Amino acid sequence: MNGHIPVMLPEVCGILEGIPAIRVVVDATLGFGGYSEAILSKWQKVAVIGLDQDPQAIESARRRLLSFGDRFRAVHGNFRDLSMILDEAGVSAPDAVIFDLGISSMQVDTPDRGFSFQENGPLDMRMDNADDHQMMAADIVNTYSMRDLIRIFRVYGEESFAAQIARGIVRYRERVGPIAQTETLVTVIRETLPAPVQRKMGRNPSRKIFQALRIAVNDELEALENALNECEEIAVNRMAVVVVSYHSLEDRIVKKKFRDWNSTGKGVLPFRRPLVPGPEELEENWRSRSAKLRAFHFQGDMPGGKRK
Ligand SMILES: C[S@@+](CC[C@H](N)C(=O)[O-])C[C@H]1O[C@@H](n2cnc3c(N)ncnc32)[C@H](O)[C@@H]1O
């Protein structure tokens, strides 16, 4: 399994460098532990609490970062419950909360998880695959109405051929039966779109559909919105929030929230336009191509904040 190359790591560390007497950092999307490892190595007195909803990510990061002893803790959970998770872990007033959204290469590179349109696997796509009650991509593909499929593909996938693809899926369901494997979905999408359309689309025509399904399965936009609200709740002291996002809808949520906080006097934006990866990083790490980094510094002692 490939490691995950942390995206915009120097920029993330640059923001943490601006925090005086930094002690506790929450890595809200632990993944492979790339950010956590760098932070623990760079700041010898800092403790990191890493959060991930993926039990496999928790396990592998725990093993990988064992040498940092009790300066590192990994907790399984969804960042939408940030405040409760930190309460339960006995962490109060962290100095920074970092989000690196989306999926890790560990997840994409494991065909069994169903995130990849390049390899065959079950249509799962749950980041928390220990949660038996959560719906999977197959549930959406096989039970949603054509209208709902179009909406998901259009909104979350920003896919211009959403209607054609949804129609193709519904037709396949009616004629053949449920779609259980990623490979079948990829074939249905390919067979639905005429060759000239596929050529016009450039990349694999399944890419945006897989992204849309993943966002829907994991309720990613709602979780992000909740998590930012939770940050506001826990930010009684000075606290930085750093978000690296990969999708325009995510970035819009972050941009709006940070500007609202700024205009209501909760803190400052170190920069108004998002940071993006430089040419060297783009060359080294293809995954960074759509990354946008935004940050916010809470000023502390806000009215209505939850004091610990
Ligand atoms: C892009 S990876 C993070 C990579 C990490 N920064 C690194 O350098 O190794 C995103 C991780 O966030 C996790 N994740 C996504 N949404 C989450 C949520 N709502 N709650 C907790 N973890 C989440 C995913 O399971 C994935 O492991």
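Two residues are in contact if their C-beta atoms, placed from the backbone, lie within 7 Å.

## About the model

This model is predicted: local features need pLDDT of at least 70 and side-chain atom pairs pLDDT 80 or more, while totals for chains, interfaces and linings use all residues. Residues are numbered from 1 along each chain as its sequence is written. Helices (H or I, at least four residues) and strands (E, at least two) are DSSP runs, numbered from the N terminus.

Let's start with helix 1 (residues 9-17) and helix 2 (residues 34-42). Leu9, Val12, Cys13 and Leu16 of helix 1 touch Gly34, Tyr35, Ala38, Ile39 and Lys42 of helix 2. These contact residues comprise seven nonpolar, one polar and one charged (nonpolar means Ala, Val, Leu, Ile, Met, Phe, Trp, Tyr, Cys and Pro; charged means Asp, Glu, Lys and Arg; the others, Gly among them, are polar).

Next comes an open sheet of seven strands, in the order 3-2-1-4-5-7-6 and with mixed pairing; two strands pair if DSSP finds at least two bridges between them. Its edges are strand 3 (72-76) and strand 6 (267-268), each pairing on one side only. Strand 6 joins strand 7 (residues 292-298) in the antiparallel sense over two bridges, and Gly267 has Phe298 in strand 7 as its bridge partner.

## Around the ligand

Which residues come nearest to the ligand? Among the 22 around it, they are Pro6, Thr29, Gly31, Phe32 and Gly34, where near means a C-beta atom, placed from the backbone, within 6 Å. The shell divides into nine nonpolar, nine polar and four charged residues. Helix 2 and strand 2 (47-52) each supply at least two of its residues.
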